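Opening the notebook on this one. I'll jot things down in the order I looked them up.

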Amino acid sequence: MLKSLSVQNFALIEHVSLDFHKGLHVITGETGSGKSILLGALNLILGERSDFSVIRDPGKKTVVEAVFEPGSNFKEWFAEEDIDWDTETVIRREITSQGKSRSFINDTPVQLSQLKELTEQLVYIHSQHETLEIKKTKFQFDLLDAYGDGLELASRVSHLYQQVQRLYASKEQAEQAKSSQLQELDYVRFQLNELEQLDLDKVNYESLEQDFSKLSRIDDLKEAYASVTVAIDQESGAADILRRLKSHIDKWKNADLDLEAISSRLNEVIVELGDISRDSDRQLNQLEGDPEAFFRLTQLLDEYNKILRKHHASTQEELIGYRNSLNEKMNGFTFSDERIAGLTLEIETKEKELEQLSFELYEKRSAVIPELEIYLLDLLSEMKMEHSRFQIVLNKLDRLDTNGGMTIQILFSANRGLDLKPIERAASGGELSRVMLAIQLVMSGKKSLPTLILDEIDTGVSGEVALRMGKLLKEMGKHLQVFAITHLPQVAAKGDFHFEVSKSHENGQTISRIEQLNKEQRIEALAKLISGEQVTDLARFSAIELMN
């Protein structure tokens with residue numbers, strides 16, 4: 001229940017503070033006096049986006065504060081949101097001209113989504129511009145389920161359907177992850193195969209590169225070794241020259257110890273040159289071309305160097321390290337086969353449960369349709385629409401969905417002899433207002449909605465119909481807190497509490513005010529609704545009659 005509402009610096013409202021009670025509250029006032037402004041302020045409490053143009057004085061902030069009695073069934077929600085619980089809940093919105101908006105629940109700052117989640121369970125506003133809400137599928141199902149006590153079952157079906165959809169999404173995600181891992185595994189395996197073919201633990205590629213260098217320059221090497229042998233052993237070669245030199249020195253070495261030392265050293269050089277010549281000759285004889293071996297070596301080193309470049313490596317040791325890391329990665333792959341199997345089984349179980357609950361919901365809805373049609377027609381008869389016809393059409397789909405795998409359509413005819421049509425196209429404004437009032441009466445008696453606000457739901461009606469609508473609103477006020485913004489004296493007279501919105505001009509400014517009327521003030525306000533600005537005694541008498 002909404003206990004109080006305080007509005008400061010909002011549009012034409014400078015400041016207003018109102019207290020409310022159980023029962024029917026009626027709000028009247030001239031066109032443009034500010035009734036819609038009051039609704040706008042309340043919409044801020046309900047979590048609607050702020051419009052900074054509503055700030056009356058840019059030097060001050062706009063503040064809208066409401067006090068609710070939410071009931072103990074909301075304790076769990078407060079605990080989940082980590083907000084202090086109290087039997088009275090204070091909800092506040094603050095807006096500044098600098099473009100800042102803040103929301104509070106019991107002085108705890110909250111997001112708009114949190115505010116909306118709470119208040120949409122506390123208050124429902126039905127505007128005169130929202131009568132076409134009846135064409136919405138959810139609204140029609142809510143009507144049917146509210147009357148047939150199927151709201152809880154419908155909620156279970158919807159919740160279970162959402163669960164199944166989330167399970168399908170999780171399964172698809174797991175399957176995509178598995179597919180991605182399999183692709184990655186194939187690539188890792190391919191890379192390992194490439195590396196394993198190089199036989200890195202047994203083949204010394206540095207030695208092979210040296211062999212390749214020799215084979216690729218074999219002619220140059222032969223020429224080099226041959227030139228060494230020729231330079232040493234040919235006539236007048238290095239060895240011959242040194243032997244002749246030594247022979248000449250040996251004639252005089254006995255006369256000079258230094259010459260003997262030189263002779264000995266020359267002999268060592270001659271011996272070393274002989275060794276060099278023999279080694280060169282041996283190497284020359286071993287150098288033979290093998291085109292087939294050279295081709296195989298070329299291919300092996302080409303593959304080795306290609307893989308070096310591929311993995312941005314520069315040595316064989318780096319390739320071995322990378323190969324070992326790939327092996328570790330191979331061993332680390334874990335596939336979600338068990339999770340996929342578990343999700344599949346859970347989906348099957350949930351879908352069977354969903355099918356059963358959807359079947360029960362279909363049976364429940366089908367069974368209550370005839371009774372609801374009669375009840376709505378009885379209510380409309382009370383509002384002078386006794387020739388109306390209602391038909392609620394329920395069809396099953398070949399698939400499950402959030403509505404239990406079925407569609408709904410409300411067909412309506414307001415007058416005898418007219419064909420049934422979708423309700424939003426079959427009723428005039430006044431007729432649709434009465435239909436919506438009948439529907440709200442059905443839903444208010446079934447749904448746990450503490451506060452219902454009706455914005456000129458009596459548009460397009462008058463006379464006896466308006467009087468009967470007023471009586472129905474009075475009846476609704478026995479079950480819940482109702483606010484009815486009206487311009488009809490027949491409806492306003494039935495209120496348990498009467499508030500009037502007025503507009504005045506002070507110091508060059510327009511100000512809206514709202515105040516609760518006492519009995520005498522109510523008579524004057526009702527009389528004004530009846531006769532206009534010039535209130536007559538007859539109008540006052542009619543007002544008293546309406547109130548009685």
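**Loops with positive phi**

I started with H312, which sits in the loop between helix 10 (291-310) and helix 11 (316-332). For the element names I use DSSP runs numbered from the N terminus, helices being H or I of at least four residues and strands E of at least two. Before going further: this is a predicted model, where local features need pLDDT of at least 70, side-chain atom pairs count only at pLDDT 80 or more, and totals for chains, interfaces and linings use all residues. Residues are numbered from 1 along each chain as its sequence is written, and side-chain values use heavy atoms, with hydrogens and water left out.

H312 is not a glycine, yet its phi is positive, near 55°. Its relative accessible area is 72%, so I put H312 down as exposed. My cut-offs are under 20% relative accessible area for buried, over 50% for exposed and partly exposed in between, with a 1.4 Å probe and protein chains only.

Where is D149 found? I located D149 in the loop between helix 4 and helix 5. D149 is another non-glycine with a positive phi, about 55°. D149 is exposed too, at 57% relative accessible area.

**A lysine in helix 8**

Is K246 buried or exposed? K246 belongs to helix 8 (residues 238-250), and its relative accessibility of 17% makes it buried. Skipping neighbours within four places in sequence, I found K246 in contact with S263, L266, N267 and I270; contact here means heavy atoms within 4.5 Å.

Next I traced an open sheet of three strands, in the order 9-10-11 with antiparallel pairing. Two strands count as paired if DSSP finds at least two bridges between them. Strand 9 (389-396) and strand 11 (421-422) are the edges, each pairing on one side only. Strand 10 (residues 406-413) is joined to the antiparallel strand 11 by two bridges. I also noted F412 opposite K421 in strand 11.

Helix 4 (residues 137-147) packs on the sheet, touching strand 9 and strand 10, and its direction is at about 85° to that of strand 10. Axes are lines fitted to C-alpha atoms (for helices, over the stretch in contact), and angles run from 0 to 180 degrees between N-to-C directions. Helix 12 (residues 337-382) lies across strand 9 and strand 10, at about 170° to strand 9.

**Helix pairs**

I then checked helix 5 (residues 151-197) against helix 12: the axes come within 9 Å and cross at roughly 160°. That makes the two helices roughly antiparallel. The classes are under 35 degrees for roughly parallel, over 145 for roughly antiparallel, 65 to 115 for roughly perpendicular and oblique for the rest. The crossing of helix 5 and helix 12 is left-handed, meaning the near helix is turned anticlockwise from the far one by less than a right angle; clockwise would be right-handed.

For helix 17 (residues 519-531) and helix 18 (residues 537-547), the axes come within 8 Å and cross at roughly 115°. I class helix 17 as roughly perpendicular to helix 18. Their crossing is right-handed. Among the residues making the contact are I523, L526 and I530 of helix 17, and A543, I544 and L546 of helix 18.

**Helix 15**

Last, I looked up the buried residues of helix 15, including V465, L467, M469, G470 and L472.
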